[in-house]
Amino acid sequence: MDDEPEVLVRFRDVEKTYDGRVNVVDRLNLEICKGEFLTLLGPSGSGKTTILLMLAGFEAVTAGDITLNHRSLRNVPPFRRNMGIVFQNYALFPHKSVFQNVAFPLVQRRIPRPAIREKVEAALRMVDLAGLGERRPNQLSGGQQQRVALARALVFEPEIVLMDEPLGALDKKLREQMQIEIKHLHEQLDMTVAYVTHDQGEALTMSDRVAIMNDGLIQQVGSPHEVYEEPANAFVANFIGENNSFEGRIESTSGGECAVRLTSGDTVRARSATPRASGEPALLSLRPERLTIDPALDGVANRFSATVVEVIYFGAHNRVRLAMAGRDDIIALAPAGPRSDALATGKTVEVGWSPEHCRVLAPE
Amino acid sequence: MIAPAGTAGEGPAGPADRSLEAKLRRAERRRSLKAFLLVAPLLLFIVVVFAGPILSLLYFSVDDPKLAEVLPRTAQTVAAWDGAELPGEDAYATLVEEIRSAYADRTVAAAAMRLNYEISGFRSMVMRTGRKLRRIAGPPYKDALIGLDERWGDIAYWRAVKASAGPYTTRYLLAAVDLQRQWDGSIGTAPPERTIYIEYLQRTFWISFWVLACCIAIGYPMAFLIATSGKRWSRFLLVLVLLPFWTSLLVRTAAWVVLLQNKGIINDFLLYGDIIDEPLTLIFNRTGVYIAMVHILLPFMVLPLYAVMRNIPASQMRAAASLGAKPLASFLSVYLPQTLPGLGAGCILVFILALGFYITPALIGGASDQMLSYLIAEFATRTGNWGMASAIAILLLLSVAALYPIYRGLVRGGSFRLT
């Protein structure tokens with residue numbers, strides 16, 4: 001065992017219910033390590049914000065316990081938890097200047113005035129807002145307000161920074177820019193971040209680990225690469241990225257590879273992370289970018305003939321809808337180029353993919 | 001002719017710009033005309049029912065036509081008189097002649113009434129003089145009149161006539177602040193039996209202040225509860241606040257009379273529960289006035305506060321807590337400042353409305369709980385002294401106007417507007 005990362009926050013069998021009937025968070029066991037960027041990703045209502053609110057102390061834990069540095073947070077009020085929070089609507093104080101907003105946590109901690117000035121100015125420089133300290137929040141653009149909120153959550157060097165869909169209100173371009181900036185800040189400051197979003201792109205680009213939530217349960221925790229390339233179940237496969245799925249039954253297994261007979265009668269070779277028995281029903285997951293049109297002959301074990309149903313132009317690539325294996329909703333991404341330009345509706349093409357990119361999952 | 005270099009370049013652009021400007025002006029003019037037509041009915045309404053009465057109020061408070069109407073030449077004569085010594089035979093002769101004819105026309109009472117404001121008893125004195133004037137056959141009128149009533153030889157009475165000569169007077173306005181004009185034109189304090197107005201003004205402010213304090217103490221937490229509780233609860237609570245609002249003021253006040261009286265529901269309940277042995281005196285005293293006024297004015301505090309609090313997101317307090325602020329510090333430095341515009345609006349509404357309260361103190365209060373409006377009503381309806389009624393009304397109006405800058409300051413103090 002080498003270099004085990006130090007656990008900062010641990011959720012132990014945490015449950016949360018509002019009405020006493022349905023658990024919005026169910027049997028949550030999760031660890032957040034020091035210096036880690038962990039994203040809770042899930043559709044709205046999946047319980048991810050509730051987890052953040054429980055961690056921050058704004059919602060009581062119904063059962064189980066949350067620890068910070070191995071100490072239970074059960075009786076620690078929010079104002080003693082030392083967590084920086086960035087809210088979706090920023091929650092800047094409209095009656096205070098930018099400087100006063102950022103200074104607020106320091107004033108509460110009774111830090112001497114000169115030190116406050118120094119720290120606030122450093123924080124504002126860090127988020128590129130030097131010189132705007134005298135403005136009011138409503139005199140700033142959305143992106144600038146976001147930076148103020150960020151500076152305010154970071155200036156007192158909290159144990160962990162919680163961000164609840166902080167970029168939700170920004171337009172696409174600004175959002176992408178802020179994603180990179182937050183990521184860089186995370187790297188520079190070596191801070192621990194728990195980030196909540198429903199935007200899978202955001203989760204994949206920013207996180208060290210992603211926890212995918214649905215119906216109050218964690219579906220999978222892993223690196224962005226793992227959750228995208230090796231989805232643990234059908235929900236994860238469908239929620240992250242685009243996904244083609246085929247239904248069938250396991251015909252035979254050898255090592256990690258299975259032969260699956262689809263309902264259409266075709267046989268597909270695919271990989272399985274867990275051992276499967278013959279005759280078991282299976283769901284195959286295949287990313288559109290792994291489905292090649294006119295595949296090169298070598299190394300591609302799965303090969304089908306398909307009919308082009310629709311070609312949608314996306315600039316850098318074309319999105320091609322294919323009819324194959326008894327289905328007409330199979331999507332492939334064809335990079336722009338002479339070959340994809342030649343694709344036309346009604347044309348019959350050869351498609352294929354290699355078994356390692358096709359995952360066998362348990363049906364939902 | 002050679003054009004200056006500077007204007008040569010502007011030449012071609014000039015006319016086009018001007019026509020664009022003209023077009024803009026035309027469009028603006030049309031829009032403002034339309035806007036004016038839309039507000040015209042309101043404007044007319046305000047002028048007729050608001051500005052008009054206030055202006056007439058101002059006028060009534062200085063208007064003093066009675067003596068000049070009834071005894072025009074006497075008024076002229078005393079106006080020219082310096083007031084240092086008793087006037088001469090001419091003045092007496094004019095007075096006798098005018099009182100005689102006015103008495104015959106039955107118009108003398110109005111002038112006598114006016115003179116009575118200056119010195120009480122003057123009215124009956126003039127009326128008696130009118131009645132007995134038959135006895136005076138001819139000059140010298142001065143001695144004859146003094147013979148009729150020796151007070152005509154008292155210079156104070158003549159000075160009173162001079163003060164009433166009109167056509168305009170400051171006596172009502174001065175009286176409203178316990179002052180009076182001396183015969184030589186200087187301003188001094190009124191005699192003690194007439195210095196009641198400042199006391200009423202102080203009492204009015206005092207009662208309004210305590211009503212306001214109670215409204216804040218009850219209304220602020222209530223508005224907070226309404227703004228932060230769930231949808232169904234908040235709607236229910238809001239109806240509770242609004243329900244009394246939809247009932248007539250008179251009905252509510254009468255209801256309080258029923259509730260508060262010695263054999264009323266509250267006392268019955270307390271007696272029945274053995275909480276008290278003697279019925280509490282809740283009516284015809286200050287306590288009752290406070291209870292009823294706070295109840296009536298509470299919505300005016302709760303509603304503006306609620307409007308502001310509703311727009312403060314819950315994340316504000318959460319943010320404050322997450323940044324390390326204890327609950328009280330969060331409230332004082334984050335929540336309270338953001339509610340100031342609503343609090344200011346509520347305070348101004350409650351205080352101004354309280355200043356003008358009449359019915360409630362009149363029905364529930366005792367003699368020492370009456371406010372300025374009571375005096376206005378008293379003068380206007382009972383004694384018919386419109387001058388005094390108007391002057392006190394102006395005093396009330398000025399008190400309210402003095403509060404306006406405070407309100408502006410409070411609303412502008414926050415960088416955001418009331419919504």
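In which sense do strand 12 and strand 13 of chain A pair, and over how many bridges? The pairing of strand 12 with strand 13 (residues 267-271) of chain A is antiparallel and extends over five bridges. The model is predicted. Within this pair, Glu257(A) lies opposite Arg271(A) of strand 13. Four residues separate the two strands in their hairpin. One residue of this hairpin, Gly265(A), adopts a positive phi near 105 degrees.

Strand 12 of chain A (residues 257-262) also pairs with strand 11 (residues 244-254) of chain A. The sense is antiparallel, and six bridges are made. Glu257(A) of strand 12 is the bridge partner of Ser254(A). Strands 11 and 12 of chain A form a hairpin with two residues between them. In the turn, Gly255(A) has a positive phi of about 65 degrees.

Strand 17 of chain A pairs with strand 16 and with strand 18. Strand 16 (residues 302-313) of chain A runs antiparallel to strand 17 of chain A and is joined to it by six bridges. Thr307(A) has Ala323(A) of strand 17 as its bridge partner. The hairpin of strands 16 and 17 of chain A has three residues between the strands. There, Gly315(A) takes a positive phi near 85 degrees.

Strand 17 of chain A and strand 18 (residues 327-335) of chain A are also antiparallel, and seven bridges link them. Met324(A) is bridged to Arg327(A) of strand 18. His317(A) stands opposite Pro335(A) in strand 18 of chain A. Two residues lie between strands 17 and 18 of chain A in their hairpin. Ala325(A) in this hairpin has a positive phi near 45 degrees.

The two faces of strand 17 (residues 317-324) of chain A can be told apart. The covered face consists of Asn318(A), Val320(A), Leu322(A) and Met324(A). The uncovered face carries His317(A), Arg319(A), Arg321(A) and Ala323(A). Met324(A), the bridge partner of Arg327(A), belongs to the covered face. Ala323(A), the bridge partner of Thr307(A), belongs to the uncovered one.

In chain A, the axes of helix 2 and helix 4 (residues 142-154) come within 7 Å and cross at roughly 25 degrees. With the angle under 35 degrees, helix 2 of chain A is therefore roughly parallel to helix 4 of chain A. Their crossing is right-handed. Helix 2 of chain A contributes Val98(A), Asn101(A), Val102(A), Phe104(A) and Pro105(A) to the contact. Helix 4 of chain A contributes Val148(A), Ala151(A) and Arg152(A). By class, this contact of helix 2 with helix 4 of chain A holds six nonpolar residues, one polar and one charged.

In chain B, helix 11 (residues 197-228) packs against helix 15 (residues 286-310) at an angle of about 45 degrees. Their axes are 7 Å apart. Helix 11 and helix 15 of chain B are therefore oblique to each other. The crossing is right-handed. The contact of helix 11 with helix 15 of chain B comprises 24 nonpolar residues, one polar and one charged.

Chains A and B meet at an interface. Here, 20 residues of chain A contact 18 residues of chain B. On the side of chain A that touches chain B, strand 6 (83-86) and helix 2 (98-108) of chain A each supply at least two residues. That side of chain A has 13 nonpolar, four polar and three charged residues.

On the side of chain B, Arg318(B) was followed individually. Arg318(B) lies in helix 16 (residues 314-322) of chain B. The residue is buried, because 20 other C-beta atoms lie within 10 Å. Beyond its neighbours within four places in sequence, Arg318(B) contacts Phe58(A) and Ala91(A). Within chain B, Arg318(B) and Phe205(B) are 113 residues apart along the chain, and 40 Å separates their C-alpha atoms.

Notes
Residues numbered from 1 in each chain as written. Chains lettered and ligands numbered in written order. Predicted model: local features only at pLDDT ≥ 70, side-chain atom pairs only at ≥ 80, totals over all residues. Pairing = 2+ DSSP bridges. Axes fitted to C-alpha atoms, helices over the stretch in contact; angles between N-to-C directions. Parallel < 35°, antiparallel > 145°, perpendicular 65-115°, else oblique. Left-handed = near helix turned anticlockwise from the far one by under 90°. Nonpolar A, V, L, I, M, F, W, Y, C, P; charged D, E, K, R; others polar. Contact = placed C-beta atoms within 7 Å. Buried ≥ 20, exposed ≤ 12 C-beta atoms within 10 Å, placed from the backbone.
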